[in-house]
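The following report describes selected local features of a protein structure, shown below.

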Amino acid sequence: MSAAVGLAGCGGSGGDGGDGSDSDGSDGSDGSDGSDGSDGSDGSDGSDGSDGSDGGTVPEVDADAATNWDNYSVTELVVDEAMMSLDVAPDGRVFYITKGALFGAEGNTGTANVGYIYPDSGDTGTALELPVGTFEEDGGQGITFDPNFEENGWVYIFYVPPEGELEDPDNPYMLVSRFTMEDDTIDPESETEILRIPHQRETCCHVGGYLEFDNDGNLFITTGDDTNPFESSGYSPLDGRDGRKNFDARRTAGNTADLRGSILRITPEDDGSYSIPDDNLFTEANGYADEIDQDLVQPEIYVLGCRNPYTISFDDESGNLFLADYGPDAGSWDPERGPVGIVEYRQICEAHNAGWPFSRGYNYPYRRYDFENEESGQPYWPQNLTNDSPNNDGLTDLPPVQPADIWYPRSWEGYLEAPDWVDMPVPGERSFPELPAGGAPMAGPRYRYNESFGEGALNPYFDGKQFIMEWGTNYIKYVTYNDDGSVEFGDFLPDEEFQSPNDMAVGADGRLFLQTYGPPWAGEESKVYMIEYEG
């Protein structure tokens, strides 16, 4: 296991990443567009309570046994095509949703399957076949269960409806809908639309689409920036030219009036409507009544400024949300454009601005860039941030950006090549070289041991530890949060070959369930595994 210090987390220990502001305090706008996994510890997670955890009662643990990977069994439960997310019902059944078609498949429609698994018997089946639009990254995306599922049978699904079912084909959208399940069947006629999210279908990319409930019945919904990243040289897509709005993430992730590129938080009501928590980012309680009336802000937004927040996980004990946000493709810094591609993990306990497309990681800013004349302007300083896009119909002045808690780049060599105008951290102090370079982070659950867990549950050594995965480099790790705000990383089942792990959940009995995407170009299909500790 290896350690890195400086986790900002929810204890307020993180700095602002350097404001870099110029002498007059403005944002500088010129108007242009711009190991083996064992650490031999005593098994505590080192929590100092700053995240709201009370620790609970955890029995004596054996760290050596817990990190002896011969003590684990991995059982393949099901194979399917293009699985996107999974969840475990309160009764122990495992459910997953498929995309509906492979990435790059011909045609724009498909059928997303909601599959179920009885992990002990091995019985599997299909609970729902759902017509979906499958253009580029579209399709079935997310699934979760109502907090009162055992009483009402409600299941929430995030998907992209096919074009033939749109009320107005010129204004496409993504859907979060509620369905009713009876036994092993989800009734398609029971669908109740909860939320429509704008969505362009002219070009790729970034849908998001993960769903998760918190302890108070609030539903978190992730949305991607719905912006093509492939014509910005791997840097931030800030193209303000006419006819290029889908290449400008300032119109979505940087736009307070748009639901995309964000984590949304709503409270679904029994009648199919929803209410808004008062402590979302842009609410009347936070002083935005006039801006709401003028359609300058969306009160559903909890975290603004995400790129492609594919996965999240909620920790029932601390009340914190853990986010993984995909990063752009640049392999090095460009003094005229901005940072190397950086991915982010965030431990979220309050509404904030995450910064995309203006900054990444430890608030490393991008520069304004005129795509027409290929000229750079001033950096987007994250503490004095304005959205100057011609495609912005929200607020011009944005909330200051909160830096990520953990991040890593496409290239560590490229990461250290920052230009002089960047207030770069000391390597090892505010960066995490223990994590391999990559671009596709996945948020797993924070494990909470319970003495009521049955056979197969993880060793209590893992109590309080957070699981993370990497879709592109195929690893699973666990994160230990320490008293001093630092984190440590350990490898989990390093000898197993999991192809593109993309979701993980803990069952009611403490066993782990892992989903892999297993892309066909790697010779694999999607799979769900059950992971049991037998030490």
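## Positive phi values and a cis peptide bond

In this predicted model, serine 233 is placed in the loop that runs between strand E12 (219-223) and strand E13 (262-268). Its phi is near 60 degrees, a positive value in a residue other than glycine. With a relative accessibility of 57%, serine 233 is classed as exposed, since the cut-off for that class is over 50%. Leucine 493 also has a positive phi without being glycine, the value here being near 45 degrees. This leucine 493 belongs to the loop between strand E28 (487-491) and strand E29 (501-506). Its relative accessibility is 4%, so leucine 493 counts as buried.

A further backbone feature is the cis peptide bond between tryptophan 356 and proline 357, for which omega is about 10 degrees. Proline 357 is located in the loop between strand E19 (352-353) and strand E20 (359-360). As context for these cases, most residues other than glycine have a negative phi, and most peptide bonds are trans.

Strand E17 covers residues 321-325, and five of its five residues are buried, so the strand is largely enclosed by the rest of the structure. Leu321, Leu323 and Asp325 point one way from E17, while Phe322 and Ala324 point the other way. The residues on both sides are buried, including Asp325.

E17 pairs with strand E16 (residues 311-314) in the antiparallel sense, over four bridges. Within this pairing, phenylalanine 314 has leucine 321 of E17 as its bridge partner. The two strands E16 and E17 form a hairpin with six residues between them, and glycine 319 in the turn has a positive phi of about 80 degrees. E17 also runs antiparallel to strand E18 (residues 342-348), to which it is joined by five bridges. There, leucine 323 has arginine 346 of E18 as its bridge partner.

## Cysteines

The structure holds one disulfide. This disulfide links cysteine 204 with cysteine 205, at an S to S distance of 1.4 Å. The torsion about the S-S bond of cysteine 204 and cysteine 205 is about 95 degrees, and the disulfide is therefore right-handed. Both cysteine 204 and cysteine 205 are buried.

Cysteine 349, with a relative accessible area of 37%, is partly exposed.

## Nonpolar cores

The largest nonpolar core comprises 54 residues. Within this core, the residues with the most contacts are Tyr72, Ile157, Phe462, Phe467 and Phe492. Apart from it lies another core, made up of 37 residues, among them Phe158, Leu195, Leu259 and Leu264.

Leaving aside neighbours within four places in sequence, phenylalanine 467 is in contact with residues that include Ala443, Gly444, Pro445, Tyr447, Leu458 and Phe462. Its contacts also include Ile476, Lys477, Tyr478, Phe492, Met504 and Leu512.

## Buried loop residues

Arginine 448 is found in the loop between strand E25 (441-446) and strand E26 (466-470). Its relative accessible area is 14%, so arginine 448 is buried, the cut-off being under 20%. The side chains of arginine 448 and aspartate 315 are joined by a polar contact of 2.6 Å.

Phenylalanine 432 occupies the loop between helix H4 (412-415) and E25. At 0% relative accessibility, phenylalanine 432 is counted as buried. The C-alpha atom of phenylalanine 432 is separated by 9.5 Å from that of phenylalanine 489, although the two residues are 57 residues apart along the chain.

## Model confidence

The chain has a mean pLDDT of 89, and 88% of its residues reach 70 or more. Over residues 2-8, however, the pLDDT is below 50, and this stretch has 32 contacts in the model beyond near neighbours in sequence. The pLDDT is also below 50 over residues 12-55, a stretch with 112 contacts in the model beyond near neighbours in sequence. Where pLDDT is low, the predicted coordinates should not be read in detail.

Key: Residues are numbered from 1 along each chain as its sequence is written. Side-chain values use heavy atoms; hydrogens and water are left out. A disulfide is a pair of cysteine sulfur atoms within 2.5 Å. Buried means under 20% relative accessible area, exposed over 50%, partly exposed in between (1.4 Å probe, protein chains only). Two strands pair if DSSP finds at least two bridges between them. A nonpolar core is a set of buried Ala, Val, Leu, Ile, Met, Phe, Trp, Tyr and Cys residues joined through side-chain atoms within 4.5 Å. Contact means heavy atoms within 4.5 Å. pLDDT is the predictor's confidence in each residue, from 0 to 100. A polar contact is a pair of N or O atoms within 3.5 Å; within protein, one must be able to donate a hydrogen and the other to accept it, and residues adjacent in sequence count only if both atoms are side-chain atoms.
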